[in-house]
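The following note sets out numbered points on the model displayed below. Each point may be checked against the coordinates.

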Number of protein chains: 2
Amino acid sequence: MQQPARTTTRIQRKNTAVILEAALEVFSAHGFRGATVDQIAQAAGLSKPNLLYYFPSKEAIHTALLDGLMETWLDPLRALDEDGDPLAEILGYVRRKLEMSRDYPRESRLFANEIIQGAPRIGPALSGELKQLVDEKAEIIHRWIADGKIAPVNPHHLIFSIWALTQHYADFDVQVHAVLGGPEIDPYPEAGAYLDTLFTRMLTP
Amino acid sequence: MQQPARTTTRIQRKNTAVILEAALEVFSAHGFRGATVDQIAQAAGLSKPNLLYYFPSKEAIHTALLDGLMETWLDPLRALDEDGDPLAEILGYVRRKLEMSRDYPRESRLFANEIIQGAPRIGPALSGELKQLVDEKAEIIHRWIADGKIAPVNPHHLIFSIWALTQHYADFDVQVHAVLGGPEIDPYPEAGAYLDTLFTRMLTP
DNA sequence: GCTTATTTTGACCAACTGGTAAAACCCACG
DNA sequence: CGTGGGTTTTACCAGTTGGTCAAAATAAGC
């Protein structure tokens, strides 16, 4: 039996939030193993033992981050509506995903780090929750194709390509800026236009 | 003045090769910080001090790997030929890049790890060598468009999209297999067909 | 077969890292 | 205003990690 969860105090709420924000910054920039508890504590403006008063371990912070993020991350795909106009729905999904890369690049890199290294901590969520959602939406796309509303493509790979293309701008940010010639350049307007064209041409029957 | 480099012995050649192979395995799976010298030594079948007899530091091994790889990695893009058939040239580039993801996933992940974490060790190569090559090839694509040989698109983002789409299958391998439903599935045949369709539809004038 | 240069090893170290314990501190509440 | 809970700090620890060093073992050249 567990002690009934005591009321979370004001300070607790503030500090857990500050810690998660700091952890996102550090984990996304250095990966799980590359990040140190000290770095996170310093970024949060706390001492290491104080930070460990709020989370039992480094791993727990990481898990809390990933769990909290998974929901948000899948929202754009969930919003894909079978009853909408097929092309507009897909272009809308692409736009939302690209906006997430622009507005939440750290979150994108956090996932990227985790998955590149074999998803040791969120493997189950991928083949469970994620797979189920993707299969469901792939089925919708499949029906659109069968109805002749968009040109035929492999639905799963269509989804992969949307992920790859949009997340690239967050995850490979440094490379994009290096090639385009400087950190002051904003690639997103062009990227948006490019992806719009790409998917329109590919999917118009 | 430096001692004139002594002849590299047979053992030296064999062991540096073994070490680099082992290092590729370990670095690509865990990132720079996540990899330990001991792991690499063990994978190479050497003791840690013995490994450090061939390379002065962990960092030196990593650098040697990245330097050696950069060349190979850019080869497919270098092969893009202005005088060939535009669409065939681009589709060929896509195919070669996809084959590299399939045949050299560890190399792809090594780069991905490095770039996601801000390219602390190869930043200069990105804005130097890489940028120059990309600018050059973008110019070629631009001329193809001006000549009406392919449909108009932003050449730089076209190249980004080829990178993103092909490397996705190596870097996010676990996710792809999780969603498709098992490690026994080979996504590459479908991926090849999908990308062929995608770029053909987008670029046909 | 002997000598020399190369290679390998075992013992070791200092810095770092995740995490702990207990005392000190602070703040709301009666 | 004091007391009991929540909070923070100081001091600390054991394990890991990158790296060194001198001695031992091996290979190469003559």
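Predicted model: local features only at pLDDT ≥ 70, side-chain atom pairs only at ≥ 80, totals over all residues.

1. A polar side-chain atom of Arg33(A) is placed 2.7 Å from a phosphate oxygen of DNA strand D. Gln12(A) likewise has a polar side-chain atom 2.6 Å from a phosphate oxygen of DNA strand D.

2. Side-chain values use heavy atoms, without hydrogens and water; residues are numbered from 1 along each chain as its sequence is written, and chains are lettered from A and ligands numbered from 1 in the order in which they are written.

3. DNA strand D is surrounded by 20 residues, and the closest are Thr9(A), Gln12(A), Arg33(A), Tyr54(A) and Arg10(B). A residue is near the strand if one of its heavy atoms lies within 4 Å of it. By class, this surface comprises eight nonpolar, seven polar and five charged residues. In this scheme Ala, Val, Leu, Ile, Met, Phe, Trp, Tyr, Cys and Pro are nonpolar, Asp, Glu, Lys and Arg are charged, and the others, Gly among them, are polar. Of the atoms of DNA strand D within 4 Å of the protein, 61% belong to sugar or phosphate and the rest to bases.

4. Which helices each supply at least two residues of the surface near DNA strand D? They are α1 (10-34) and α3 (48-54) of chain A, together with α3 (48-54) of chain B. Helices (H or I, at least four residues) and strands (E, at least two) are DSSP runs, numbered from the N terminus.

5. UniProt assigns "domain: HTH tetR-type" to residues 13-73 of chain A, a span that is 87% helix and 0% strand, with its end C-alpha atoms 23 Å apart. The feature "DNA-binding region" is placed by UniProt at residues 36-55 of chain A; that span is 75% helix and 0% strand, and its end C-alpha atoms lie 14 Å apart. UniProt positions are given in the numbering used here, feature names are shortened, and annotations may be inferred rather than shown by experiment.

6. Chain A as a whole has ten helices and zero strands. Its C-alpha atoms fill a box of roughly 60 × 50 × 30 Å along the principal axes. Of its 205 residues, 49% count as buried, where buried means under 20% relative accessible area, exposed over 50%, and partly exposed in between (1.4 Å probe, protein chains only). Among contacts in chain A with a separation of 6 or more, 68% join residues 24 or more positions apart; contact means heavy atoms within 4.5 Å.

7. Chain A can be laid on chain B with an RMSD of 0.1 Å by a turn of 180° and a shift of 0.0 Å along the axis. That is the relation of a two-fold axis. The same surface serves both copies, since 100% of the contact residues of chain A recur in chain B. The superposition is by least squares on the C-alpha atoms of residues with pLDDT of at least 70 in both copies.

8. In helix α9 (residues 173-180) of chain B, Gln175(B), Val176(B), His177(B), Ala178(B) and Val179(B) are buried. The buried residues of α9(B) pack against α6 (105-116), α7 (123-146) and α8 (155-171) of chain A, together with α8 (155-171) of chain B. After α9(B) comes Gly181(B), with a positive phi near 100°.

9. His62(B), in helix α4 (residues 58-78), counts as buried at 3% relative accessibility. Apart from neighbours within four places in sequence, His62(B) is in contact with Phe27(B), Phe32(B), Leu110(B), Glu114(B) and Arg121(B). Asn15(B), in helix α1 (residues 10-34) of chain B, is also buried, with a relative accessible area of 8%. With the same exclusion of neighbours within four places, Asn15(B) is in contact with Leu46(B) and Tyr54(B).

Technical notes:
Polar contact = N/O pair within 3.5 Å; in protein donor to acceptor, adjacent residues only side chain to side chain.
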